[in-house]
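This report goes through a two-chain model by region. The sequence and structure come first, and the description follows.

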Amino acid sequence: MATDQMTVQASGKGPQPTVKPAPRRSLPVLDRRYLPVLGTFVVLVLMLVIGGTRYENFLSGRVMANLFINNSFLIVVAVGMTFVILTGGIDLSVGAVVALSTCISAWMFLHGWDAIITIPASILVGTLIGWIVGVMVHVFEIQPFIATLAAMFLARGLCYVVAPESIPITDATIVKLSETRWEIVDNFAVTPSGVIALSVVLVAFVTLHYTRFGRTVYAIGGNEQSARLMGLPVARTKVLVYVISGTCAGLGGLLFAVFARSGYSLTGVGMELDAIAAVVIGGTLLTGGSGFVLGSVLGVLVLGLIQTIITFEGTLSSWWTKIVIGALLLVFVILQRLLVVRRR
Amino acid sequence: MTEQSTTPIVEMTGISITFPGVKALDGVDFRLLPGEVHALMGENGAGKSTLIKALTGVYGIDSGRIVVGGVEQVFSGPAAAQAAGVSTVYQEVNLTDNLSVAENVMLGHEIRRFGVIDWHATRKAARGYLQALNLDIDPRSSLSSHSLAVQQLVAISRAMVVDARVLILDEPTSSLDADEVARLFDVVRTLRDRGVAILFVSHFLDQIYAISDRLTVLRNGTLVGEYRTEELSRVELVGKMIGRELEVLSELETSSERAVVDWTGTPYLQAIGVGRKGSIEPFDLDIFPGEIVGLAGLLGSGRTELARLLYGADHADSGETRVAGEPVRLRNPRAGLSRSIVFSSESRKTEGIIGDLTVRENIVLGLQAERGWLRRVPSRKADEVVDRYIKALGVRPANPDAIAGNLSGGNQQKVLLARWLATAPKLLILDEPTRGIDVGAKAEIQKLVAELASQGMSVVFISAELDEVLRLSHRIAVLRDRRKVAELVNSQDVTTDVVVDLIASGGTSA
């Protein structure tokens with residue numbers, strides 16, 4: 001997959017049955033499909049360079065480590081979102097599911113449940129909601145937008161039932177998870193949350209590119225009708241992407257609980273939009289069928305870096321984060337549009 | 001090929017399928033032998049597509065049995081049908097063009113090692129399947145970088161991956177040129193010789209006779225019969241498809257005594273030097289009451305562009321248009337409509353029929369547009385109009401509440417025609433009214449046009465089929481390179497050759 005080559009040609013029509021001498025080149029000519037991700041990468045590097053030259057200590061290990069630590073839950077959520085968007089769907093429920101997951105774990109710890117039970121439970125809540133959404137989308141053919149909107153209200157409402165007020169988490173396992181830091185070099189430390197997030201990315205990458213399920217996800221995004229006629233398990237796959245997104249949101253909630261050490265019903269308001277922004281900035285087409293999970297990770301890092309830069313600037317209000325994200329999102333969407341138009 | 005006395009690989013008995021308002025198939029039997037190319041024939045709406053979709057598991061059947069390879073099957077979907085060895089290549093190639101050729105061939109059957117896809121082996125296998133069909137393309141290339149013909153062969157390669165014993169080709173040649181068709185047929189013969197049973201659907205009779213061994217004819221959702229291709233002449237075949245001995249067609253053929261047109265009066269529509277930059281050069285054209293004016297020319301010669309100026313879809317930037325002698329400015333289609341000029345579009349799917357509405361609603365639309373949106377058409381009047389035109393045009397099924405999208409192409413065209421006829425136009429512009437529909441419906445539509453003209457309606461008739469234009473028109477305007485190059489009065493001496501010469505020479509010899 002990663003070595004699929006597509007020479008840069010103006011999507012030539014007309015018969016081309018001639019053999020390309022096709023000796024396998026080790027480095028393919030730049031594939032157009034990588035362009036959006038490459039664009040994101042360039043933006044990321046630019047931001048690092050600008051930050052590094054403008055502010056002291058910007059490129060320090062601590063700042064970079066914090067970038068990962070503060071955004072590990074968003075990375076996990078964005079990975080789940082990538083699956084859904086690749087099929088051409090959308091999941092608006094993830095922010096609320098993150099909140100529900102933190103609330104439930106906080107509530108269970110408060111009532112003396114052990115981490116062995118609580119941790120899986122808080123993740124499986126997301127799985128369950130994702131499954132319900134998947135069934136709504138597939139069996140009842142409800143628009144993903146509406147199905148996940150319903151799930152969003154449902155989950156957010158349940159948060160208040162479980163935890164009307166913020167509940168602190170004092171469980172030993174969670175405390176340990178949040179305080180552990182493995183220092184690698186020069187203040188650059190990784191946390192268990194970071195490791196979990198990166199593992200999720202790795203598993204997602206392998207799933208998307210090296211399993212039939214993953215390829216079916218792309219096929220559905222490319223043309224759902226065709227995928228069905230090709231005999232691919234469209235139904236199962238569509239339900240499963242929402243299950244994955246829900247599970248990722250559940251896990252994201254757990255990571256957020258570790259990060260904040262409390263459960264609060266107003267957690268993650270608007271996080272679904274951050275996740276969607278990260279996925280789009282990472283080069284995944286909202287129409288589905290094209291994009292990479294690594295792009296979404298880059299997208300999250302870009303969002304995180306914007307925040308970091310605004311913080312370093314000091315004089316700017318944090319609302320500037322939103323303005324920059326908005327502008328960046330616009331630029332990326334227009335860029336993608338141009339790419340798609342040219343491909344036709 | 002040799003007669004196969006082997007047992008059929010597919011045996012369908014008593015298949016019935018009903019859609020809301022439409023009995024699509026009624027007790028149809030069908031059998032397919034291994035190692036044969038079997039053509040499925042019938043008019044639009046005869047039930048060919050429905051039968052195929054029943055066999056491939058896209059539609060469930062209401063009654064009947066499907067036996068594939070000796071096992072009775074109830075297919076829950078295309079995946080189940082493929083697992084039983086029934087693969088389909090559809091007219092609009094159903095692959096995903098965001099993925100590579102190799103993936104499109106192998107999707108769902110990728111070679112795995114230790115639970116993950118082994119891309120190297122998968123691509124190698126894909127190359128093998130492609131080469132088995134003499135298709136030498138790079139499996140890594142993107143599907144969208146290949147022509148439709150190649151994509152179709154890729155789709156066939158895919159069918160071979162699932163070890164298809166039955167391959168269904170639904171209108172595979174409709175967008176291929178002659179060389180590409182020849183190439184496809186080579187592949188089809190190769191597969192047939194390997195024992196694959198091939199079900200072939202096409203509108204082109206020549207191709208049916210070139211490739212098929214046997215054929216099954218359907219009409220109105222029922223079985224007409226099963227024949228050996230070599231034992232059935234073309235005339236007989238067409239007769240069986242439309243259910244009568246081509247009388248309509250021949251009747252039309254001989255009715256060269258077209259109603260006489262009075263060319264001395266005032267033309268209903270007169271275009272003087274009308275043109276539009278980049279669209280069509282200024283032209284003169286008179287259309288008299290009761291006259292059929294044919295527009296001949298190649299695709300892209302400006303036929304449709306000319307028509308759009310006549311009824312106001314585009315506004316002219318030069319010249320003058322007169323309706324019944326009065327100068328008018330047609331700024332939009334509504335202006336045309338108010339002068340009783342209507343236009344029936346060539347792309348009935350996107351610009352004409354509204355598939356989600358019923359036949360009745362589609363027909364009443366034109367009438368409603370003429371009245372303005374605030375004054376509802378009284379339902380009694382609507383019923384009367386709808387009934388009249390369904391009968392007059394022979395829309396099948398004759399059910400005003402059938403969903404228009406469920407009708408066959410020819411019948412959709414009739415509904416579209418009914419919509420405009422209901423507004424009682426004085427000038428009817430028909431852009432490719434018979435494209436993609438079968439002989440029977442074609443003949444009916446031609447007959448209707450001739451009748452309408454004899455009742456005093458002016459008609460502009462646009463068609464890519466020259467003999468159709470010649471058969472109907474009183475006068476023919478020839479277009480080439482977005483310019484009107486000639487105009488001739490139709491007579492016995494005007495043959496397709498004359499018109500073709502005009503198109504080729506650009507009118508210099510006329």
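## Helix H8 of chain A

The buried residues of H8(A) are Phe213(A), Gly214(A), Arg215(A), Thr216(A), Val217(A), Tyr218(A), Ala219(A), Ile220(A) and Gly221(A). Buried here means under 20% relative accessible area, exposed means over 50%, and partly exposed covers what lies in between, with a 1.4 Å probe and protein chains only. The helix spans residues 212-222 and is mostly covered, as 9 of its 11 residues are buried. Helices (H or I, at least four residues) and strands (E, at least two) are DSSP runs, numbered from the N terminus.

## Basis of the values

This is a predicted model, in which local features need pLDDT of at least 70 and side-chain atom pairs count only at pLDDT 80 or more, while totals for chains, interfaces and linings use all residues. Residues are numbered from 1 along each chain as its sequence is written, chains are lettered from A and ligands numbered from 1 in the order in which they are written, and side-chain values use heavy atoms, with hydrogens and water left out.

## Chain A overall

Chain A contains 13 helices and 4 strands. Of its 344 residues, 53% count as buried. Contacts (heavy atoms within 4.5 Å) between residues at least 6 apart in sequence join residues at least 24 apart in 76% of cases in chain A.

## Two loop residues of chain A

Thr191(A) sits in the loop between strand S3 (188-190) and helix H7 (192-210) of chain A. Thr191(A) counts as buried because its relative accessibility is 6%. Leaving aside residues up to four places away in sequence, Thr191(A) touches Ile69(A), Thr180(A), Arg181(A) and Trp182(A).

Asn57(A) belongs to the loop between helix H1 (35-54) and helix H2 (61-86) of chain A. Asn57(A) is exposed, because its relative accessible area is 56%. Its phi is positive, about 65 degrees, although Asn57(A) is not a glycine. Most residues other than glycine have a negative phi.

## Chain B overall

Chain B holds 18 helices and 22 strands. Its radius of gyration, taken over C-alpha atoms, is 26 Å, close to the 24 Å that the globule rule gives for 510 residues, so chain B is as compact as a globular protein of that length. The globule rule is 2.2 Å times the number of residues to the power 0.38.

Along the principal axes, the C-alpha atoms of chain B fill a box of roughly 80 × 50 × 50 Å. Buried residues make up 56% of the 510 residues. Among contacts in chain B between residues at least 6 apart in sequence, 68% join residues at least 24 apart.

Tyr129(B) lies in helix H4 of chain B. With a relative accessible area of 29%, Tyr129(B) is partly exposed. Residues up to four places away in sequence not counted, Tyr129(B) touches Val105(B), Met106(B), Ser157(B), Met160(B) and Val161(B). The C-alpha atoms of Tyr129(B) and Met106(B) are separated by 9.5 Å, and the two residues are 23 residues apart along the chain.

Ser141(B) is in the loop between helix H4 (119-132) and H5 of chain B. Its relative accessible area is 4%, so Ser141(B) is buried. A polar atom of the Ser141(B) side chain lies 2.5 Å from the backbone oxygen of Asp138(B).

Ala324(B) is found in the loop between strand S16 (318-323) and strand S17 (326-328) of chain B. Although not a glycine, Ala324(B) has a positive phi of about 50 degrees. At a relative accessible area of 48%, Ala324(B) is partly exposed.

Val500(B) lies in helix H18 (residues 496-505) of chain B. Val500(B) also counts as partly exposed, at 42% relative accessibility. Val500(B) and Thr321(B) are 179 residues apart in sequence, and their C-alpha atoms are 29 Å apart in space.

## Cavities

The structure holds 10 cavities of 30 Å³ or more. On a 1 Å grid over the protein atoms alone, a cavity is a set of points where a 1.4 Å probe fits but cannot get out, and lining residues have an atom within 4 Å of a point. The largest cavity has a volume of about 140 Å³, a volume being the space filled by probe spheres set on the points, which are joined across faces, edges and corners.

The lining of the largest cavity comprises 14 residues, of which Leu229(A), Met230(A), Thr88(B), Ala155(B) and Arg158(B) lie nearest its centre. Strand S6 (86-89) and helix H5 (148-161) of chain B are the elements that give two or more residues to this lining. The lining residues divide into 9 nonpolar, 4 polar and 1 charged. Ala, Val, Leu, Ile, Met, Phe, Trp, Tyr, Cys and Pro count as nonpolar, Asp, Glu, Lys and Arg as charged, and the others, Gly among them, as polar.

Technical notes: On a 1 Å grid over the protein atoms alone, a cavity is a set of points where a 1.4 Å probe fits but cannot get out, and a pocket is an open set with protein on both sides within 12 Å along at least five of seven lines; lining residues have an atom within 4 Å of a point. A polar contact is a pair of N or O atoms within 3.5 Å; within protein, one must be able to donate a hydrogen and the other to accept it, and residues adjacent in sequence count only if both atoms are side-chain atoms.
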